[in-house]
Amino acid sequence: MKNIQLAVIPGDGIGKEVVPEALRVLDTLSEVHGGLKFDAIHYPWSSDYYAEHGEMMPKDGLDQLRQSDAIFLGAIGDPSIVADHISLNGLLLKIRREFEQVINVRPAKQIKGIVSPLGNPRDFDIMIVRENSEGEYSSSGGRVHNGEDEIVIQNAVFTKKGVSRVMEYAFQLAEQRSGHVTSATKSNGIVHSMPFWDEVFSEVSEKHSNIPTNSEHIDALSAFFVTKPHTLDVVVASNLFGDILSDLGAAIMGSIGIAPAGNINLNGKYPSMFEPVHGSAPDIYGKGIANPIGQIWTAKMMLDHFGEPEMGNVLLEAIESSLEAGIKTADIGGHSNTKEVTDAIIARIKK
Ligand SMILES: NC(=O)C1=CN([C@@H]2O[C@H](COP(=O)(O)OP(=O)(O)OC[C@H]3O[C@@H](n4cnc5c(N)ncnc54)[C@H](O)[C@@H]3O)[C@@H](O)[C@H]2O)C=CC1
Ligand SMILES: CC(=O)C(=O)O
Ligand SMILES: [K+]
Ligand SMILES: [Mn+2]
């Protein structure tokens with residue numbers, strides 16, 4: 001029996017609705033598999049936890065999570081309780097940084113049973129490889145003076161190590177996919193970090209001369225996601241650019257509610273973390289209508305990570321088959337609720 005210790009953090013808003021559903025799916029997959037078991041430990045860390053304890057997680061929170069094989073997270077953020085920069089920095093971004101989850105992989109591809117909002121898209125299959133530990137999401141900076149004299153400085157941090165690491169990962173992925181790499185840059189507007197980004201991209205691409213590359217400014221690239229997504233394969237991007245492109249990737253698939261993600265620790269020192277691309281969606285929380293597919297597809301990425309791609313494929317086929325049968329939440333044009341969608345996926349896995 002292969003036992004996998006999962007640290008489960010549903011977090012806020014619809015995270016609390018979709019995580020339990022995805023865990024039901026994982027339990028079903030365990031039953032079908034017979035030799036694989038997930039032992040889940042739940043952590044209530046969230047904005048509610050902050051309201052009670054004045055912090056997003058206990059002081060030894062990271063030590064508690066360290067013991068697990070992976071972290072399965074929903075979403076963090078409830079601006080009605082605590083400001084987003086405090087809640088995300090105190091939990092989500094802290095885990096990503098401290099656990100050296102330096103890469104964030106986010107697929108965007110057409111799946112059966114969902115109509116893309118693009119008029120008539122050709123088949124696309126994009127893998128966004130986002131730098132996840134530095135870049136624009138650094139805590140370096142500060143505020144001085146008040147009123148009209150106030151000055152705010154937000155530093156973006158780009159290290160040779162961090163940039164070459166994410167690019168190396170992107171090239172290795174492209175090699176497996178027999179594809180190519182597109183770099184998201186903005187060296188026409190950002191004078192220090194992005195020319196550096198371009199230089200490192202040239203260096204790393206020289207080591208992989210068999211892989212075709214191109215480099216696009218982020219503004220133009222955003223448009224290409226809409227006008228010609230079929231021309232893209234692996235897209236490597238800084239933390240902020242990758243964040244934005246992945247919501248766009250989700251949108252052209254059909255909804256942010258279906259997009260999965262993996263925060264990958266490469267050095268094996270800490271667990272990786274799997275969470276959907278979407279946030280806590282306060283606008284629909286409590287109605288039971290959140291699309292659980294982002295969280296469930298995220299479970300497939302976790303299965304792949306643990307060397308169980310067959311189970312992952314069973315899961316993706318079950319997702320596609322229930323979508324083709326029209327069992328969908330409202331964000332993708334259906335009338336089913338969160339539980340009905342999960343039930344339909346579970347029924348197909350059992351078949
Ligand atoms: N990784 C994380 O935990 C993230 C957390 N956040 C946080 O989430 C909160 C809300 O942020 P927003 O910018 O509104 O982004 P969001 O992703 O939560 O929501 C954006 C839009 O997509 C819809 N949506 C998202 N997930 C859905 C699902 N599964 N099914 C159906 N519709 C879905 C929402 O209803 C909303 O209209 C904030 O506190 C934000 O900081 C935002 C993004 C990522
Ligand atoms: C924070 C956020 O929006 C993301 O990681 O996607
Ligand atoms: K999330
Ligand atoms: Mn985001």
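Me: Helices (H or I, at least four residues) and strands (E, at least two) are DSSP runs, numbered from the N terminus, so which helix gives the largest share of the shell around ligand 1?

Reply: This is a predicted model, in which local features need pLDDT of at least 70 and side-chain atom pairs count only at pLDDT 80 or more, while totals for chains, interfaces and linings use all residues. Residues are numbered from 1 along each chain as its sequence is written, and chains are lettered from A and ligands numbered from 1 in the order in which they are written. The largest share of the shell comes from helix H4 (residues 84-98), with three residues.

Me: How many residues surround ligand 1, and of what classes?

Reply: A residue is near a molecule if its C-beta atom, placed from the backbone, lies within 6 Å of it. Here 22 residues surround ligand 1, and the closest are Gly77, Gly257, His278, Gly279 and Asn291. By class the shell has eleven nonpolar, seven polar and four charged residues, where Gly counts as polar.

Me: In what order do the strands of the open sheet lie?

Reply: Strands of a sheet pair through backbone hydrogen bonds, either parallel or antiparallel, and two strands are taken as paired if DSSP finds at least two bridges between them. In this model ten strands form an open sheet with mixed pairing, in the order S2-S1-S3-S12-S11-S4-S5-S10-S8-S9. Its edge strands, each pairing on one side only, are strand S2 (36-42) and strand S9 (213-217). From one strand to the next the twist averages 25°, with angles running from 0 to 180 degrees between N-to-C directions of lines fitted to C-alpha atoms.

Me: Which residue in S12 is the bridge partner of Asn263?

Reply: Strand S11 (residues 262-264) and strand S12 (residues 272-274) pair in the antiparallel sense over two bridges, and the partner of Asn263 is Met273.

Me: What lies between S6 and S7?

Reply: Strand S6 (residues 141-144) and strand S7 (residues 151-154) pair in the antiparallel sense over four bridges, with Gly141 standing opposite Gln154 in S7. The two strands form a hairpin with six residues between them, and His145 in the turn has a positive phi of about 65°.

Me: Where is the chain divided into domains?

Reply: Domain bounds come from an automatic or database domain assignment, which here gives domain 1 (1-101 + 259-351) and domain 2 (116-253). Their centres, taken over C-alpha atoms, are separated by 25 Å. Counting C-beta atoms, placed from the backbone, within 7 Å as a contact, nine residues from domain 1 and nine residues from domain 2 take part. H4 supplies four residues, the largest share of the side of domain 1 that touches domain 2.

Notes
Two residues are in contact if their C-beta atoms, placed from the backbone, lie within 7 Å.
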